[in-house]
Amino acid sequence: KAIADGSSKGTRRTRVRTTVGMDLAAVLATAALADYYVSPEGTVQHKLGWVCNKPGAIHIGPRAHRDAAVRWHGLQVEGGVDPLALPREHVVGEDKQVSPDDRDIRYSICSSGAVAEWIVERALHAVATGLSNPMPFS
């Protein structure tokens, strides 16, 4: 998650925090301070998006019903914010199904520089405009 802090000079400083390895209380306390999050689809997104109802982005495999999965997350909480999904061109499926549930198909994120740029652009836009659903997918 990126936490942006304003300064008296009108500039913004962005800090990125990880919640990997934190207990649930620490995750929720950190999420409450965040302006934007990035997470895998699933239980981490629920902690950030549902409990704190923040704008954010998820990475999700290249499955056919990605858009429906994204909308589902926003519908789980009253007034919920739909997360954005990393564009398909940044996600490569490995066609190795881990379980019968298609959510568990392994995938990789490619072109990390382009992904970082995509995330930062949308996070800064969300913070600057106060929009709950920052920008379109691409």
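Me: Is strand S4 (residues 56-59) buried or exposed on its faces?
Reply: Strands are DSSP runs of E with at least two residues, and helices are runs of H or I with at least four, each numbered from the N terminus. Buried means under 20% relative accessible area, exposed over 50%, and partly exposed in between (1.4 Å probe, protein chains only). Gly56 and Ile58 lie on one side of S4, Ala57 and His59 on the other, and both faces are buried.

Me: Which residue in S5 is the bridge partner of Ala57?
Reply: Two strands pair if DSSP finds at least two bridges between them. S4 and strand S5 (residues 84-85) have two, in the parallel sense. The partner of Ala57 in S5 is Leu84.

Me: Which residue stands opposite Ala57 in S4?
Reply: Strand S3 (residues 37-40) runs parallel to S4, joined by four bridges. Opposite Ala57 stands Val38.

Me: Through which helix does the chain cross from S3 to S4?
Reply: This β-α-β crossover is right-handed: with the strands pointing away from the viewer, the path from the first strand over the helix to the second runs clockwise. The helix, residues 43-51, is H2.

Me: What is the mean pLDDT of the protein chain?
Reply: This is a predicted model, in which local features need pLDDT of at least 70 and side-chain atom pairs 80 or more, while totals for chains, interfaces and linings use all residues. Residues are numbered from 1 along each chain as its sequence is written, and side-chain values use heavy atoms, without hydrogens and water. pLDDT is the predictor's confidence in each residue, from 0 to 100. In the protein chain, 74% of residues reach 70 or more, and the mean is 75.
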